[in-house]
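Thanks for taking a look at this one with me. Below are a few numbered notes to read alongside the model.

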Amino acid sequence: MLDVKAKAKEAKDKKAKFGIDIDLNEFSSETESKEYLEDLNAMPQDDKERIIMAGVDISEKDRAGTFIQEDTDVVHIGLKQEGLELISIKDALDRYDWLQDYYWKMVAPDIDKYTAEVATNLHNGYLIRALPGKKVLFPVQSCLYIKKDRMNQNVHNIVIAEEDSEIHIITGCATSSHVTTGLHIGVTEFYVKKNAKLSYTMIHLWGKDVMVRTRSAGTVDKGGLFLNNYICLSPVKSVQAYPTTYLKGKGATARYYTILAGSPGGEMDIGGRVVLQETDTHAEIISRTITNGGNIAARGDLIGEVPGVKAHLECSGLILNGGTMHAVPELTGKTEGVEMSHEASVGKIAQDEILYLMSRGLSEDEAVSAIVRGFLNVDIPDLPAELKAEIDHAIELSKNGL
Amino acid sequence: MLQIEDLQVKLGEKEVLRHINLEIKTGETHVLFGPNGSGKTSLLMTIMGYPQYKVTKGRIYFNGQDITELPISERAKIGIGMSYQRPPTIKGIKTAHMVEMCAKKECDIKAMAEKLNFTDFLDRDINDGFSGGEIKRSELLQLMAQDPQLLLFDEPESGVDMENMSLVGNTIAKMLEHDLDTSNGRTLKEKKASRRKMGLIITHTGFILDYITADKGLVLYEGELACSTNAIEIFKCINKVGYKECVRCSM
């Protein structure tokens, strides 16, 4: 622990490699403490609407567990399924010595000033763990909510899918409609053990002047599957992330799907890196992005370290209503016998597609909107229907802005 | 009724159609022949309203309304529809959703797809990886949902396998009210008299003539309508002496 904080302190002014530099002094961690809610329906209507839009099912029906954090405090934890552990990270650190083997082990505290901030000034976060052999079939939902204006929310999450387990998590991050600006820093560490399956779907619904820095990394053991989905279709000032996954065991698979829509004056810089360290590992990174007046960088990096690995990277971007699109696909093969490929495209909506739909009776606007929704509507295998429905819902909500 | 008067059309810098005069009366179906590059598809695209086909002279009327300047979606709304030879693929739009968007009113998409032996494709992205014949059946399905009064078919038989040929032919006949189904109690004569659908069909093989009685055959040659007479007669003539010789009789 001391070591973590000492390292972090040294990095407290270290700028990040990507994204605009944020002055942490512009934000404050001071906020009034929040009351714990037994029933999410007791939430103020305005907050309730925002977290529903971010994918939270208030009724908690068809959800294995629920975790809600407002600003710095955990306000609700609901647990409905045995075999699932869901507690705040602070309680988990108090309760479990073994957690030190996971805490700051995938993400270093001194990567940059953002990890340093979380390491030295942790607000809270969660530990979600599927116990060995347990299949948690209903999704676990969590929401990290910023309620107070000019707040910085520092979160650390750890997700562990123990051997032969299966778990699906949906994390909706949102801000209250009163928040003009804020900063969310989230560190998440993923551990997918032997033959386990983890899907992690993040739907972000920030305010238009909110800044977001997430730092996440994970490891997948033999035969494991990690599915990492990131959806951000509403305006945000600046979001930058570059999650990394290490495929350590034979037959391990990682797949990333990113769906982004920019907004005027906004910056999104989203990458994804998978390091294939064992034979017969597979990786796929797919991103679909629409500038919609904003500036977007879609980065992807696949690193094949041993023979017999297979990986593919696809960044498709549409420049729509202005903005810029920067696609940066990278492949590194460190040995013979790797099979890696990428496709990247930056373009506009094809005129012949618009006219084809118009000849079926759609107006030009209807045709464009149908094509855009189709473009964003990427098929994600292995994702439960409830979560697919949440992604469709997010795309549906965003259509007015596109 | 579709009326075309002295139509002249440019695609880019190239003049693709000249002096086109054509009249398809309500209930009539015409078959359009012509060698590759003669302007057949250009004529259909111009009637549909594709903006890259610039009308430099002449007018197009549909049911009395001058549609020469009408945008493509408006033409679709007043009852003009087209089955394409090579439509674009649109990723992320499922065929079922596409058919739904075509339909002006509620319709049973699954039942329609079953008739076309096409239910397996409803969950696939529209035209994505479809073979030539599958594209044609997908086009027919969309057009069936759209239910236009004037149906433009661009080589509906190309790429269709023998097994599906009669399915495609019979479907087109039914869509154009040319089928011989009298199950609703009307005689064929009554049926023909009340026919409202109009068709313009591009064909190279003449296959469609086995399924419908075309009211007229047309030959388009180097951008001009060179011949207009009985469709079967034209087809036989082209088969025997080729397009070049065939159009000589009208020159």
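1. A quick definition to start: a salt bridge here is a side-chain nitrogen of Lys or Arg within 4 Å of a carboxyl oxygen of Asp or Glu. With that rule, A:Glu85, A:Arg129, A:Glu162 and A:Lys193 are joined in a network of salt bridges, and the count over all chains is 32.

2. Some housekeeping. This is a predicted model, in which local features need pLDDT of at least 70 and side-chain atom pairs count only at pLDDT 80 or more, while totals for chains, interfaces and linings use all residues. Residues are numbered from 1 along each chain as its sequence is written, chains are lettered from A and ligands numbered from 1 in the order in which they are written, and side-chain values use heavy atoms, leaving out hydrogens and water.

3. Do look at A:Lys147 and A:Asp47, whose closest N and O atoms are 2.7 Å apart in a salt bridge. This pair links distant parts of the chain, 100 residues apart: A:Lys147 lies in the loop between β5 (135-146) and β6 (151-161) of chain A, and A:Asp47 in helix α2 (residues 45-53) of chain A; helices (H or I, at least four residues) and strands (E, at least two) are DSSP runs, numbered from the N terminus. A:Asp47 is buried at 3% relative accessibility, whereas A:Lys147 is partly exposed at 28%. Buried means under 20% relative accessible area, exposed over 50% and partly exposed in between (1.4 Å probe, protein chains only).

4. In chain B, B:Lys25 and B:Glu23 form a salt bridge at 3.4 Å, N to O. B:Lys25 is partly exposed at 43%, and so is B:Glu23 at 32%.

5. Helix α1 (residues 40-48) of chain B has eight of its nine residues buried, including B:Leu43 and B:Met48. B:Gly49 follows α1(B) and has a positive phi, near 105 degrees.

6. Finally, helix α3 (residues 95-102) of chain B: B:Thr95, B:Met98, B:Val99, B:Met101 and B:Cys102 are buried. They sit on the same side of α3(B) because they cover an arc of only 160 degrees around the axis, taken from the directions from the helix axis to the C-beta atoms.
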